[in-house]
Amino acid sequence: MAGGNERSMRALKEVWKRPENSLCADCGKPDPDWASSTLGVFICLSCSGIHRNIPSISKVKSLKMDHWDDAQVQFLAKNGNAVTKATYEAHIPIYYYQPTYNDCQVLREQWIRAKYERKEFTEPGKQLPYSDGVKEGILWKRGRDNGQFLPRKFLLSEREGCLKYFTKQDAKEPKINVKIDVINATFRPEKIGNPNGLQITYLKDNKTRNIFVYHESGKEVVDWFNAIRSVQFHYLKVAFPIASDNEIKNRLTRNFLKEGYMEKTGPKQREAFKKRWFTLDHRRLMYFKDPLDAFAKGEVFVGSRENGYSVQKGLPSGTQGNFSWHYGITIVTPDREYLFTCETESDQLEWIKAFTSVINQAMTPQEYAIEAYFKFKS
């Protein structure tokens, strides 16, 4: 640590070592080595870059390389992550998505700005732009057939319990009208090719449909995301009145467990393996010809171990289909085996880890119903 006298250095290290300061105040990443001298929080390098873009609110310094004077160290000691969180995170709505260090930039930036710049969570009952139960506005939506992003009007209504979008501003009838309980939303900026890219999925006839949208404003697209979660939360509170708030919170929007390319073969296991984009959305393994396809070419249900599902490293001996990737995975179900290959060993291990996490979970009654549908369909 450059500069500073020994007394300040020792005092700084003592504050830094407190248990409440062992995780980044904003994303939870372990061992933060930066801090805000104006807010009194300990943060990671990545979050410090976001703080640096809000200089009117936060001044950041490295705990290892910068000099901290006595007054700044005393300010950190007086505040720290626990005290500061008690102020700036005092009244976070239960449905609000609090990002972690694994989440994308736009989610983390808007979380930080919501806390410290807009002070959205400091007062009880504060009117928030995603808590009205209705949201209307323009999002840029990717066309299903031509791949162009065009402005479309979206309407989210808690009273109607649905999300609609219209192809024209003055259209009377929506292009889609989707019930809120079958919607998922997850940020996918790299796949969509926009830092504010949001993927909205919903079930129609028990098949997954994808809608890809973005907004130029990071705040606006994150407000849409949390508005969806807000409407879902209140809908589920009515639908499941005895469920706790945390139980309902866990049923709101979810991130995909894993996405990426694998090769697959057909049910006879003699066909050539074809490269496809795969998405593991809890127990649904979907595959697409292109990552931005609106509809999956197929879906596989991944059940629990106690119901005869398992994942195995490698392919069965004597597999005949031609494949160019050599890191195999076999998904065993009660009815058949599904064979995949990955380009690298690290991809193979990551997919196996994701499949294992699903297979090791007991199935819910709703998931038994989904499994029955998949069996009937096949």
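**Ground rules.** I worked with a predicted model, where local features need pLDDT of at least 70 and side-chain atom pairs count only at pLDDT 80 or more, while totals for chains, interfaces and linings use all residues. Residues are numbered from 1 along each chain as its sequence is written, and side-chain values use heavy atoms, with hydrogens and water left out.

**Domains.** I looked up the assignment (bounds come from an automatic or database domain assignment) and found domain 1 (1-117), domain 2 (134-250) and domain 3 (258-376). For contact (heavy atoms within 4.5 Å), I noted 8 residues from domain 1 and 17 residues from domain 2.

**Interface of domains 1 and 2.** I read a buried area (accessible area, 1.4 Å probe, that two parts lose on being put together, summed over both) of about 1100 Å², with 73% from carbon and sulfur atoms. In domain 1, Ile 94, Tyr 95 and Val 106 lose the most area to domain 2, together 54% of what that side buries.

**Salt bridges.** My rule was a side-chain nitrogen of Lys or Arg within 4 Å of a carboxyl oxygen of Asp or Glu. I got 22 salt bridges by this rule, but 0 between domain 1 and domain 2.

I then checked Lys 258 and Glu 350, whose side chains meet at 2.8 Å, N to O. Lys 258 counts as buried at 15% relative accessibility, and Glu 350 as partly exposed at 42% (buried is under 20% relative accessible area, exposed over 50%, partly exposed in between; 1.4 Å probe, protein chains only).

Last, I noted a network of salt bridges linking Asp 26, Lys 85, Glu 89 and Lys 115.
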